[in-house]
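This briefing concerns the salt bridges of the structure shown below. Please read it alongside the sequence and the coordinates.

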Amino acid sequence: MTDLSWVLLLGAVTASIAHIFAGYWGDRWLARFGSRRGLIGVGLFALCGSYLWLAAAADVTTIVVAVVVYQIALNLFFAPLGALLVDYVPDERKGTVAGWLNAALPLASIFTAIIARLYPVDDFAGFLVVAAAVIACAAPLLILWPNHLQPLAVTDRSEAPPSRQVWSDFLIAWCARFLIQFGAAIVLGYLFAYLSLSMDIPDFPVNASAGVATLALVAAAAGFASAVGAGRLSDGTFGRLAPMTTGALCVAISFATLALTESWLIFVAAYAVCQIGLACFVTVDSALVAQLLHGHGRRGMWLGVMNLTNTLPGVFGPVLTLTVVSALSDRGTISALFLLSAVAALFASVIIQRIRSVR
């Protein structure tokens, strides 16, 4: 547990730094070459190489180095890829496109489960299959990239520093997403331990792994549907803030229910609502932030700063494990952490209403 926590901690810190620098590099690449296509290709090559390094890692030291290399390569690939939403998608379509982008996450979870089932033993085969799948998904974008495609017209905001209101809204969006993601990191990080400590409750599954597998299937279905649906709704009359507030409230209620219920059926239903709320919030938040950064000359770099809301919870989770792991030996302690996560999500639903430049 301790070694794993240190590996996860170092990986999260590396990802936090790498995404910002990769975003900045992507902005420079775009300014010089007219697109981010080349940098995406470089990142893809580095990412596939890192999979081979991970497959060959045999001890803690080489695993740590491999994880660091993997995080650098992943963010070199992912940072310019994520910036395409700001570069090319009009504001009135950002929600729909963000929905399809975020819907890839639950599908990836299903793919991961299939790979784990087909290749239960750590060897090169599983990593090679993953690398091949990444190439297959990225190749159409790189090969079929239209050479005439140009980024959206630069707005007046790029000619002068963004207004104080835009920066204030960016900060609010950052804080709200961090609160949501921090709570999610706690709940998802300790879900297996929580189920393991709940096996004596008559209604809960006696096998924690089977329970997690059931929840993973529920999460994949709920996350895919809600990401696509919320994105489309936010492009219409509902706007960005209403779906985000609703999503955050769903997350808060579901976290509290997970902490308090002793019914497995209610637990599964609450987990589904949790995934719906998370997908809804993160999807629409991505569209909102893309609108805030529209026309900004350093949009890739600032997307890297926003990405800290994803990576910093990954830092605090292992730190929490390393510092209080001995206290996480009873169900009541983890329930308290779940309730803390619910409070964080509730606070996020409140502060998101303070955004003014995008409704």
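R299 and D87 form a salt bridge in which the closest N and O atoms are 2.5 Å apart; the term denotes a side-chain nitrogen of Lys or Arg within 4 Å of a carboxyl oxygen of Asp or Glu. Because R299 belongs to helix α12 (residues 299-324) and D87 to helix α4 (residues 84-88), the pair ties together parts that are 212 residues apart in sequence. The model is predicted: local features need pLDDT of at least 70 and side-chain atom pairs pLDDT 80 or more, whereas totals for chains, interfaces and linings use all residues. Residues are numbered from 1 along each chain as its sequence is written, and side-chain values use heavy atoms, with hydrogens and water left out.

**The D285 and R177 pair**
- The side chains of D285 and R177 meet in a salt bridge at 2.4 Å, N to O.
- D285 lies in helix α11 (residues 264-292) and R177 in helix α7 (residues 164-189), so this contact ties together parts 108 residues apart in sequence.
- Helices here are DSSP runs (H or I, at least four residues), numbered from the N terminus.
- D285 is buried at 0% relative accessibility, and R177 is buried at 7%.

**Network and total**
- D27 and R36 form a salt bridge of 3.1 Å, N to O, and both residues are buried.
- Salt bridges with shared partners join D27, R36, D87 and R299 into one network.
- The count comes to 6 salt bridges.

How values were computed:
Buried < 20%, exposed > 50% of the residue type's maximum accessible area, 1.4 Å probe, protein only. Helix = DSSP H or I, 4+ residues; strand = E, 2+ residues; numbered from the N terminus.
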